[in-house]
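Colleague: I have the model open now; could you go through a few things with me?
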Amino acid sequence: MRALLATEFYKLIKQSRTYYALAAIFVIEGVVLFSAYYQGAGIIDIVLSNLKDTFYFEGNLLNGNLVTYFILNSLWFHVPLILIIIMSGLLTTEYKDKTLQTVMMQPVKKWQYILSKYIVAIVFTTCVVFVLALTSFLLSYALFGKGDLIVYVNGLTFFEHDDALLRLVYAFIVGAVSMVFFSVVSVTLAVIFKEAMKTWIIAAFFLILSNILLKVDFGSELLNKLLYVKLNDTWQYFFTFEIPWSTIYTNVALLIAYTLITIGVGVYVFQKKDIG
């Protein structure tokens, strides 16, 4: 298993699309920083235009915490979409290049082989979110300094700097769990559909549908709590005035369960499916 993991990491590192995709993530981060630097003050003025007639605001509201929060919101769509492309390529490339048949001729168990890809997907996704978080904090604080965080989640809420920093860190951690789920889904879809284009289209549709269904009321309290589409915004709960820790713990546990089930389905299908 160690040899398989080492090989999978090596192949991931050698793929040029890995670096293009990573560059795309950090270009998005750069665009957010650039936009905040040149237009952020105007956006803040628009958001608070009515409140400024009633309240007096002291300090710089356009600060590193707010900009980091803007970057955090790339976890809704941009980051998972790019991760889907990278992670599904772990398998679709081997189907396309016909290298999978050669690998299966070696004394390698199919379940170990596909499981190694899932493990690599999980580790790589976690690392990407960690690096995104780290660079977000470092660059945002360097360019905009520290300050209180203002967010609009079910109403306008203010958090002092130390509290905001902790909430942002927790949000990135829980957001990583959601990103891992989408990465694992993309690998499973690659197992099922084999072709890169089909996998990308269906995986992107899955992501879009997940975001759409997030706001749908399914008419059942149980479904609204248990369906995976209701779990992917859990990282946003850290920006309510009182953090609902019990809900967050439950949602994270459910997301992990969905991730493990998706891995189980992928391993089972890969074992049963004809490689050719």
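Colleague: To start with, what is the relative accessible area of Lys11?
Modeller: Lys11 has a relative accessible area of 25% and is partly exposed, where buried means under 20%, exposed means over 50% and partly exposed lies in between, computed with a 1.4 Å probe on protein chains only. This is a predicted model, in which local features need pLDDT of at least 70 and side-chain atom pairs count only at pLDDT 80 or more, while totals for chains, interfaces and linings use all residues. Residues are numbered from 1 along each chain as its sequence is written, and side-chain values use heavy atoms, with hydrogens and water left out.

Colleague: Ok. Which residue does the Lys11 side chain meet in a salt bridge?
Modeller: Its partner is Glu94, at 2.2 Å from N to O, the criterion being a side-chain nitrogen of Lys or Arg within 4 Å of a carboxyl oxygen of Asp or Glu. The two belong to distant parts of the chain, since Glu94 is in helix H4 (residues 78-97) and Lys11 in helix H1 (residues 2-14), 83 residues apart. The element names follow DSSP runs, numbered from the N terminus, with helices (H or I) of at least four residues and strands (E) of at least two.

Colleague: And Glu94, buried or exposed?
Modeller: Glu94 is buried, at a relative accessible area of 5%. The side chain of Glu94 also forms a salt bridge with Lys117, at 3.2 Å from N to O. Lys117 sits in helix H6 and Glu94 in helix H4, so this pair ties together parts that are 23 residues apart in sequence. Lys117 counts as buried as well, with 0% relative accessibility.

Colleague: Which residues are linked in that network of salt bridges?
Modeller: Glu8, Lys11, Glu94 and Lys117 are linked in it. The whole structure holds 7 salt bridges, including one between Lys198 and Glu195 at 3.9 Å from N to O. Lys198 is partly exposed at 42%, and Glu195 is partly exposed at 45%.

Colleague: What about Ser116, what is it in contact with?
Modeller: Once neighbours within four places in sequence are set aside, Ser116 is in contact with Met1, Leu4, Leu5 and Glu8, contact meaning heavy atoms within 4.5 Å. Ser116 lies in helix H6 and is buried, with a relative accessible area of 0%.

Colleague: Let's switch to helix packing. At what angle do H6 and H10 cross?
Modeller: The axes of H6 (residues 110-144) and H10 (residues 245-272) cross at roughly 145° and come within 9 Å; these axes are lines fitted to C-alpha atoms, for helices over the stretch in contact, with angles running from 0 to 180 degrees between N-to-C directions. The crossing is right-handed, the convention being left-handed if the near helix is turned anticlockwise from the far one by less than a right angle, and right-handed if clockwise. On the H6 side the contact includes Trp111, Tyr118 and Ile122, and on the H10 side Gly266, Val267 and Phe270 are among the residues involved.

Colleague: How many nonpolar residues are in the contact of H6 with H10?
Modeller: There are 9 nonpolar residues, next to 3 polar and 1 charged. Here Ala, Val, Leu, Ile, Met, Phe, Trp, Tyr, Cys and Pro count as nonpolar, Asp, Glu, Lys and Arg as charged, and the others, Gly among them, as polar.

Colleague: And how far apart are the axes of H4 and H8?
Modeller: Those axes are 10 Å apart, with the helices packed at an angle of about 145°, and the crossing of H4 and H8 is right-handed. Pro80, Ile84 and Ser88 are among the H4 residues that meet H8, where Thr199, Trp200 and Leu207 are among the partners. The contact of H4 with H8 divides into 9 nonpolar, 3 polar and no charged residues.

Colleague: Last topic, the strands: in which sense do S1 and S2 pair?
Modeller: S1 (residues 149-152) and S2 pair in the antiparallel sense over 4 bridges, where DSSP must find at least two bridges for strands to pair. Tyr152 stands opposite Leu156 in S2. In S2 (residues 156-159), Thr157 and Phe159 form the covered face, whereas Leu156 and Phe158 form the uncovered one.
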